[in-house]
Amino acid sequence: MSDILYMKIDRNIEVDKREIYLSDVAKLECINKEILARVKAIKLLNIPDEKDNRFVFSVLKVIEMIHKIYPTLEINNLGEIDFIVDYEKPRRQPKWVAFLKLVAICVIIFLGAAFAIMTFNNDVGVDQVFKQIYGLVTGEESDGFTVLECSYSIGLTLGIIVFYNHFGGKKITTDPTPVEVEMRLYEDDINTTLIEGVNRQDKHIEVS
């Protein structure tokens with residue numbers, strides 16, 4: 001029985017070093033440990049010392065490279081057909097800089113959300129509706145700060161927390177948050193666009 005190499009490569013792999021080996025981008029398994037060690041040591045690419053970049057690979061080229069070393073080796077690909085190696089230079093950033101960025105993002109998001117909520121309430125006339133409801137139910141004139149406004153504010157806050165499935169540093173449930181879902185969809189769209197663009201131009205990286 002010939003040896004079988006199982007290989008699984010994700011669609012997008014982020015690396016921070018310039019010498020990329022097969023073990024850096026693929027999960028590999030083979031009963032023959034000698035073959036496994038040799039395949040892991042295959043060098044895919046030397047990233048040029050220029051700028052951050054993305055490189056699109058075809059798994060067929062990877063299989064071709066493995067077969068140059070082991071012509072009779074059976075390879076079972078369990079991952080993607082095309083994949084992207086995303087190189088980013090390692091950056092050492094002071095903690096205070098990261099903290100300032102976090103604070104700035106939180107302030108921007110808070111102000112943006114508050115502005116959106118206020119403009120929505122103003123457009124639909126929520127305050128006038130509350131005044132009318134309060135007057136009809138109690139027979140008194142609303143001063144703009146009643147149980148309706150308080151209930152609305154509390155309900156809005158709880159609704160946002162439940163919708164985004166996040167409070168502080170903890171999730172309410174194990175489900176991904178809407179932001180995480182949208183980010184994954186955005187990443188998938190980017191990866192699909194990059195791979196399809198390379199496929200149309202037939203410009204896959206020639207591994208060597």
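Trainee: Let's start with Val107: what is its relative accessible area?
Mentor: Keep in mind that this is a predicted model, where local features need pLDDT of at least 70, side-chain atom pairs count only at pLDDT 80 or more, and totals for chains, interfaces and linings use all residues. Residues are numbered from 1 along each chain as its sequence is written, and side-chain values use heavy atoms, leaving out hydrogens and water. Our classes are buried (under 20% relative accessible area), exposed (over 50%) and partly exposed (in between), with a 1.4 Å probe and protein chains only. Val107 counts as partly exposed, and its relative accessible area is 41%.

Trainee: Which helix is the place of Val107?
Mentor: Helices here are DSSP runs of H or I with at least four residues, strands are E runs of at least two, and both are numbered from the N terminus. Val107 falls within residues 95-124, and that run is helix α4.

Trainee: Zooming out, what radius of gyration does the protein chain have?
Mentor: The value is taken over C-alpha atoms, and the globule rule is 2.2 Å times the number of residues to the power 0.38. The C-alpha atoms fill a box of roughly 90 × 40 × 35 Å along the principal axes. A compact globule of 208 residues would sit near 17 Å, but this chain has 27 Å.

Trainee: And how many of the 208 residues count as buried, as a percentage?
Mentor: The chain has 7 helices and 10 strands. Its accessible surface is about 14900 Å², 60% of it belonging to carbon and sulfur atoms. As for residues that count as buried, the share is 25%.

Trainee: Which residues touch the most other members of the largest nonpolar core?
Mentor: A nonpolar core is a set of buried Ala, Val, Leu, Ile, Met, Phe, Trp, Tyr and Cys residues joined through side-chain atoms within 4.5 Å. The largest one has 30 residues, and those touching the most other members are Leu5, Met7, Leu22, Val25 and Ile66. The largest share of this core, 5 residues, comes from helix α3 (residues 59-69).

Trainee: Leaving aside neighbours within four places in sequence, what is Leu22 in contact with?
Mentor: Contact means heavy atoms within 4.5 Å. With those neighbours set aside, Leu22 meets Leu28, Val39, Lys40, Ile42, Leu44, Val62 and Ile66.

Trainee: How far apart in space are Glu187 and Asn12?
Mentor: Glu187 is also in helix α7, and it counts as partly exposed at 35% relative accessibility. The pair is 175 residues apart in sequence, yet C-alpha to C-alpha the gap is 9.0 Å.

Trainee: What is the distance between the closest N and O atoms where Arg184 forms a salt bridge with Glu187?
Mentor: A salt bridge needs a side-chain nitrogen of Lys or Arg within 4 Å of a carboxyl oxygen of Asp or Glu, and the structure holds 8. Arg184 and Glu187 both lie in helix α7, 3 residues apart, about one turn. Arg184 is partly exposed at 49%. For this bridge, the closest N and O atoms are 3.9 Å apart.

Trainee: Last one: what is the N to O distance in the salt bridge of Asp10 and Lys8?
Mentor: Both ends are partly exposed, Asp10 at 34% and Lys8 at 36%. Their side chains meet with an N to O distance of 3.2 Å.

Notes
Accessible areas come from the Shrake-Rupley method with a 1.4 Å probe; for residues, only the protein chains shown count as cover.
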